[in-house]
Amino acid sequence: MPILRGKQTPVAKTKIKTVATVPTKPIQASVPAPVKNKPGLIAKAKAVITSVKPKPTVKADKKAVEDCLRQANAGESKDAVVKLFDQLMIYAHLCRSSDLHLEPWKENGLARIRIDGILRDEFQLDSAIYLQLIARLKILTKMRTDEHRAPQDGRFKFISPLGDVDVRASVIPTSFGEKAVLRLLSSQSHKLTLEQLGFSPEDLARVQRAVSKPWGMILATGPTGSGKTTTVYAVLEILNKREVNIVTIEDPVEFEIVGVNQSQVDHVAKLTFATGLRSLLRQDPDIVMVGEIRDHETAKIAVNAAMTGHKLLSTLHTNDAATTMPRLIDMGVEPFLVASTLLCIVAQRLVRRVCSNCVGKKDFTKKEGLQILGPDIISKLFGNKDKIQVAAVKGCEQCAQTGYHGRIGIYEVLENSPTIQSMVVKHASSTEIQEQAKKDGMTTIAEDGVRKILTFQTTVEELVRVMQE
């Protein structure tokens, strides 16, 4: 029987009935006792976590949600809306959804889920039922139920057949009522290794060389939702050993990592990235992770931390790897500091992976390619050929008739070579830096996408969609 709980402690237990066919164990709401300093305790805990056997595959049951929706519309029971909310959450998680959107419209409400980066409509909701779902969400997240004109945030947890899920909720007023977006954070997604994320052998070797160095800065860049945090967490898992002190400042803490001291930004307590980072540097750290470099103050402290013997990991919003260095200089960091502290930059995007159960093949001609792709990509994709075979999506029950199942990263990894360092000090442009990085062996995001097309991991259409965003 799933149990949901709010953010604050102590937390009252709330029993929830669901029609899920898989039995689940309730989350314990009690506060754990302080961990005693016993030798090897953390190592044993990590061993237990990694030794857990994967749970059997459970299919999302859309009919269960529709049954709960029918019962709620008919008013068959007092807790019909509670059951409907629970089933919506379970269904969204079993569908591998990253977000659940509850949207109000003039005549009704709408439930939408984002799967593999694509939003799709799922359930139409009666306006009265929609209002009750928003009220249920506010109760679970300890939001004010009588406030309808101001944005509110909160979080809660629930148990689905696949395990514990942490939910970050945001509610904001719109023209037709309050809209809610629920971000589902499952512990399964941060346990991926760099190899599983889709790095090519050459890019993986570049990242590993940077990770093995005792100090310096490693940055992951890209737009929102491009998998930067997952990449940084994968690097943290490599560095997470008992011989080092790892501290983080995040907004928010998305996944808990055993052995890592994680702190969360709190604007009420005036704990920002800059103030938190300054405090963390007094905690005798070996490795520091900053969720995002957003401003001049955070950038300067981060670079100085990397300069003074710490290894620093962070993320930044830039379109490609070469733009990162001029971006840091624009934030007020001295060029010589940027040149001497940066180890490597990982720029990335996420493309949908073709469904292995129903993937087919088709011919793709150079004439077709010239209409949608640039000349550089065409030369990499076709070489001297006029026609190649690429993956063709079909659709089956396993991929919900989309032809795609899961996502994989496409990357460019820029190593900070002596030549690039001298160019940064001379205020070289991002275009000049990128050209030099290519001479040093860097492959661009588009070229890595071509590699994944030629190995039938994704499609031409998917690469075009992502590169045009």
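Thr341 counts as buried because its relative accessibility is 0%, where buried means under 20% relative accessible area, exposed over 50% and partly exposed in between (1.4 Å probe, protein chains only). The model is predicted, so that local features need pLDDT of at least 70 and side-chain atom pairs count only at pLDDT 80 or more, whereas totals for chains, interfaces and linings use all residues. Residues are numbered from 1 along each chain as its sequence is written, and side-chain values use heavy atoms, with hydrogens and water left out.

Thr341 is part of helix 11 (residues 335–341); helices (H or I, at least four residues) and strands (E, at least two) are DSSP runs, numbered from the N terminus. A polar atom of the Thr341 side chain lies 2.7 Å from the backbone oxygen of Leu337. This is a polar contact, defined as a pair of N or O atoms within 3.5 Å; within protein, one must be able to donate a hydrogen and the other to accept it, and residues adjacent in sequence count only if both atoms are side-chain atoms. With residues up to four places away in sequence not counted, Thr341 touches Trp215, Gly216, Met217, Val303, Ala306 and Met307 (contact: heavy atoms within 4.5 Å).

Strand 12 (residues 342–354) pairs with strand 15 in the antiparallel sense over 10 bridges, and Val351 stands opposite Ile408 of strand 15. Two strands are taken to pair if DSSP finds at least two bridges between them. Both strands belong to an open sheet of seven strands with mixed pairing, in the order 9-8-10-11-7-12-15. Strand 9 (261–264) and strand 15 (404–415) are its edge strands, each pairing on one side only.

Helix 2 (residues 62–74) consists of 13 residues and spans 19 Å from its first C-alpha to its last, close to the expected 18 Å; the expected span is 1.5 Å times one less than the number of residues. Its buried residues are Ala64, Val65, Cys68, Leu69 and Ala72. They lie on the same side of helix 2 because they cover an arc of only 135° around the axis, the arc being that of the directions from the helix axis to the C-beta atoms. Lys63 and Ala74, on the other side of helix 2, are exposed. The cover over the buried residues includes helix 3 (80–94), strand 3 (118–126) and helix 4 (127–140). At the N-terminal end, Asp61 caps helix 2, with a side-chain oxygen 3.2 Å from the backbone nitrogen of Lys63. Gly75 follows helix 2 and has a positive phi, near 65°.
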